[in-house]
Amino acid sequence: MTARESNTGSAAATVSDILEDMAYGPAPESDAVARRWIAEHDGGFGFFIDGAWAPPDPGATFETVNPADGSALGTVGQGGAEHVNAAVGAAERAFPTWSGMPGHLRARHLYAIARGVQKHARLFAVLETLDNGKPIRESRDIDIPLVARHFYHHAGWAQLCDREFPGYAPVGVVAQIVPWNFPLLMLAWKVAPALAAGNTVVLKPAEYTPLTALLFAEIAAQAGLPPGVLNVVTGDGETGKLLVAHPDVQKIAFTGSTEVGRYIRRETAGTGKRLTLELGGKSPFVVFDDADLDSVVEGVVDAIWFNQGQVCCAGSRLLVQEGVADTLVAKLKARMETLRIGPPLDKAVDMGAIVAPVQLDRIRDLVDRGREEGAAVWQPSWACPEEGFFYPPTLCTDVSPSSTIAQVEIFGPVLVAMTFRTPDEAVALANNTPYGLAASVWSENINLALDIAPRLKAGVVWVNASNMFDAASGFGGYRESGFGREGGREGMWEYLRPTWETTAPAPAEPAAEGTESEAVASASAIDRTYKQFIGGRQVRPDSGYSRPVAREDGTVIAQVADGNRKDIRNAVEAAHAAAGWAKWNGHARAQVLYYLAENLHQRREEYLRHVRVTGAWSEQRAMDEVDATVTRLFTYAAWADKYDGAVHDVPLRGVTIAMHEPIGVVGVVAPEASPLLGLVSVMAPLVAMGNTVVIVPSARFPVPACEFASLLQASDVPDGVVNMVTGDRSVLGRVLAEHLDVDGLWHFGEAADAAVVEQASAGNLKRTWTGHGRDWFDPVQGEGPEYLRQATQVKNVWIPYGA
């Protein structure tokens, strides 16, 4: 439609005709600025390493393609071992200077980068749209402003880092692997906090969309970023594998598919590399019958047809209350007819192109699979452009919750609709996938919405909104959507480590003391066979066998149950049955821990004997352990109602609440040394935060833990909150890691065993925390907020308010 035409065929249309017709003519954005930048590089790009361009190997290049028409934009290099080594080496050389730089100077660099992004905003937006296929309106109005926002926000964290994160230091060289759906925005989410914390970076952009990352590296260098602080190596998955395996990389930050996330978890097991995974999703969009349905329709457009549905947190599952389902579906179909799909540089277009033919084929195959499984598939009456990689907005109804399209991430503009009757059924349906990245709740009843939001297993929940992001608010998932957070204070922690990890010597194991006759005499007083502690009761092991507990001189002082896989299964079931513990308020949990500490203090002499005889330690050593254990219980009782969440200051209409939530059922392999203090040091923070636990105690010194079980029974700890299974720690730790109903795992045993459990944990991508060599008497190493952060996961709930 032009100003000289109308649907009636008249030569000139009046303003009222145009407003009545509401048709749009083409409004193309010129691509000249981006084409000119590509031409300046002769249409080919190498790698950005140590502040300069490095050429690719001859013949080791590939084309990056414009999805809107299939034409080549330019060529980029396929990074090999030589290039990865060079980039990591440059980052290593730059690290001492960059990390040692005052925070204020790092802040000035990040501020300069933010200004550089704004100055070149049009170039970035056009190049992103050419390379990715997303509409220019999204690149221009959403992606690029958010990129600048992230660097401005993290310039502030660089300024405040020493003050706000005392006792912490940057991790080192960080490898970051970003996806093709938000190439530049995902770069900003990762690079900004890494640089703010003092790390240096090797970035691998997605093979389909590398151009804005290369432009960003060039602009950052022009803004004065020192050589080697940011390096970009392009390539496919093989380049990513080289980065993951590189021994001089201290952290991997990955956004992409769950399958690749599992691979990275296995490959980094036992290496000590820190890991952040932001993976797939199948996010629910929950609509109650009192919702404003017209607003819901626009929310659905933002949730699933934004960026052609190529969004990890896309609201791809529409769960609507039965009474309004037909009305909402009719409104959605009417709105879908008005969506405009076409050349993404057209400013009047709502949907652009799918990134690549392989992704387009995947979408088609999954929709066909949905039809075969009984879904009714509806698409608008208009046709997609034939040139390029386009797919129309699609609505699937009559879908079973167990069907493929309701469970598998399609990563395209496909909405799957299902109905529910009650709020409880809505929560059950919403949580009925292995993912847990994001969710959206729509209701005019704020009490209902805020009742539902905490019950959804998702790292981000939007109330009467969808797909809202900001640098001040953390983003990340639960379950098979990965772990770790990006953005805000939560995201900064991912790029920091305690300084004591590299400065503190490993604590010496306490030496046995006392005469042999004293030890034997004392041992005879506690010679007994201990059972497992499961579901609040002492129970016999499934095998019926026990294992001897002996001191170094061979003296057997007790027998403990020899646990197996079935004992772990029973303990995990008991822990799940105690899930109500998470609903106790912090004050109530604190009272239980205080009571537990009180009872331990009252039975101090008894536990002095258990600790002393187990290790044949001096009376003073035993006193120190018991007294420190009482103190530690008081510490976490104190924290139970004080480890608060936060309200994020996001520059949008609304408030974002960061809620600290328990992980769920957590398996724990307790420390070998300090058998009582170590046990409580890892149990108490988890319990204080509302988790339930299955603990494998020390194998060398299990008696204090077994005796502690009777204290748990006497101290009002609800049945199943704490469960203990003794036996072979290597075997039981692996069973816990492989168990799909265990949500997290802490392992404070041997490094070789830690590698095994990290690898085994990839099955359901449970969060793991491993370590050994801690001094459990040191309040910096043995307790504190580090433990509370590991014992919780952050859910960010976005709530609109005001006008």
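With which residue does D424 form a salt bridge? In this predicted model, the partner of D424 is R455, and the closest N and O atoms of the two are 2.5 Å apart. With a relative accessible area of 32%, R455 is partly exposed. The pair belongs to a structure that holds 35 salt bridges.

A salt bridge also links E672 to R729, where the closest N and O atoms are 3.4 Å apart. E672 is found in the loop between β28 (665-669) and α24 (675-688), and R729 is part of helix α26, residues 729-738, so this pair ties together parts that are 57 residues apart in sequence. R729 has a relative accessible area of 8% and is buried, because the cut-off for this class is under 20%. Salt bridges with shared partners also occur in the structure: E29, R122 and K347 are joined by them into one network.

E606 and R603 form a further salt bridge, with 3.1 Å between the closest N and O atoms. E606 is partly exposed, at 24% relative accessibility. R603 likewise counts as partly exposed, its relative accessibility being 24%.

Technical notes: Residues numbered from 1 in each chain as written. Predicted model: local features only at pLDDT ≥ 70, side-chain atom pairs only at ≥ 80, totals over all residues. Heavy atoms only, no water. Salt bridge = Lys/Arg side-chain N within 4 Å of Asp/Glu carboxyl O. Buried < 20%, exposed > 50% of the residue type's maximum accessible area, 1.4 Å probe, protein only. Helix = DSSP H or I, 4+ residues; strand = E, 2+ residues; numbered from the N terminus.
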